[in-house]
Amino acid sequence: MPQGKAQFDRLMAAREHAKNVKWQAIEKLDAMLDQFENNISARGAKVIWAETAEDALQEIKKICKAKNCKTLVKSKSMVTEEIHLNKFLAKHGIESIETDLGEYIQQLDGEPPYHIVTPAMHKSKEDVAKLFAEKLNVPDGLSPQQLTLVAREKLRKKYVEAEVGITGANFLIADTGSISVTENEGNARLSSAFPKTHIVITGIEKILPSINDLSLFLPLLATFGTGQRVTVYNTIISGPKQKNEPDGPEEMYVILLDNGRTNLLSNPKTREALYCIRCGACLNACPVYKNIGGHSYDTTYSGPIGSVITPHLKNLKAFKHLSYASSLCGNCTEVCPVRINLHELLLENRYESVVEGDSSVAERVAWKLWKQASLHRGMMNMSNGNLKNKVVNSLFKTWTKYRADLNFSQKTFNEMWEESRKR
Ligand code: SF4
């Protein structure tokens, strides 16, 4: 058994317990977030509630303007990808530097992350060496160690220059009013501690009731994310620098983002998707993700969890196709540390899109006919395979647009059955 999983005596019980903790937290989300706000505000942080991506962007702009910010350092955060923060800041003349090595590589290449945990996993070390040579004017063919040193040298200067640092949060802790940040490089610590102003931007679903819950969630996240027993750096931040503390930011803002999460919350079935701790295990296990890769989804969150949440975060009609791009093998559900029934939620999305009338008239007629034929053996036996192929493939145009034609057997089931009985 891999090292990470071996640390749990009863892994399944730990996963079930984690699911229960998240269930409790999400069922009482309003009270939990209030508790978080009261506690972290008491230590000097300012909490900002952002209903939409635009609200969050405007708040960040306001803070940056007030601090006369020209350079901002940023640690890895999918929420900042979700709101397209870098593009927005660039438009307003603020240089935003990704400090996570994978994100830095992607930023240099002008690409979004490929995977929610390992953003540049699709690039080989040779690809990265070539990219650094092109963009940073260093010799081609550097080793991974040399490349890391190049990135470190460039980034270290930025931490000192930056007026503002932005991080996400892996967890929000209600009972202590803290944020918990997990990382392997130490860049989130530098991004939050060096600049005078620290902005945290996070989805409202990241809440955990108690700091004690971290003893379960930190090893679970590490194990299912990267196979580690525990991630290298785990930082708990409970406000800006206090009077008796020697370092840390003078001001801290926490932006709590909704941006469609309450759509998931409002449906008792899809609510479960808010338990996600963004470990990426479902992406790694998904046969579709493994074959098409993260960029094909053209969404911030890819893989099974992305297909479940994106239609609700954005627009069901425009993104319903993601819920159909699945074989429903259930591997995602099998590997999810918090036991989210991902494949059932994909079905729920399909159901909702049909109920909302998002399917075309031709598709609806085709399925009606299909249902009638399936219920009436006589209709199924009416013609030979060739005719069935012709009729069905011309009716199911939306199905066959991106797929091979359906191919019926030349003989009906009844014919084959009769034959087998005679043998
Ligand atoms: S849905 Fe589960 S497996 Fe997928 S990223 Fe979230 S926690 Fe991990």
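This is a predicted model: local features need pLDDT of at least 70, side-chain atom pairs count only at pLDDT 80 or more; totals for chains, interfaces and linings use all residues.
**Entry 1**

Residues are numbered from 1 along each chain as its sequence is written, and side-chain values use heavy atoms, with hydrogens and water left out.

Helix α2 covers residues 11-27 and α11 residues 214-225, and their axes come within 11 Å and cross at roughly 115°. Helices here are DSSP runs (H or I, at least four residues), numbered from the N terminus, and the axes are lines fitted to C-alpha atoms over the stretch in contact, with angles from 0 to 180 degrees between N-to-C directions.

For the contact itself (heavy atoms within 4.5 Å), I noted L11, A14, R15, H17, A18, V21 and K22 on α2, meeting L216, F217, L220 and F224 on α11. By class, this contact has 8 nonpolar, 1 polar and 2 charged residues, where Ala, Val, Leu, Ile, Met, Phe, Trp, Tyr, Cys and Pro count as nonpolar, Asp, Glu, Lys and Arg as charged, and the others, Gly among them, as polar.

**Entry 2: salt bridges**

I then turned to salt bridges (a side-chain nitrogen of Lys or Arg within 4 Å of a carboxyl oxygen of Asp or Glu), and the structure holds 18 of them.

One of them joins the side chains of E82 and R261 at 2.8 Å, N to O. Since E82 lies in helix α5 (residues 78-82) and R261 in helix α12 (residues 261-266), the pair ties together parts that are 179 residues apart in sequence. I checked exposure, taking buried as under 20% relative accessible area, exposed as over 50% and partly exposed as in between (1.4 Å probe, protein chains only): E82 is buried at 9%, and R261 is buried at 2%. Both residues also belong to a network of salt bridges that links E82, E205, R261 and R278.

Within helix α4 (residues 53-66), K62 and E59 sit 3 residues apart, about one turn of the helix, and their side chains meet in a salt bridge at 3.6 Å, N to O. I recorded K62 as exposed at 53% relative accessibility and E59 as partly exposed at 23%.

Definitions and conventions
Helices (H or I, at least four residues) and strands (E, at least two) are DSSP runs, numbered from the N terminus.
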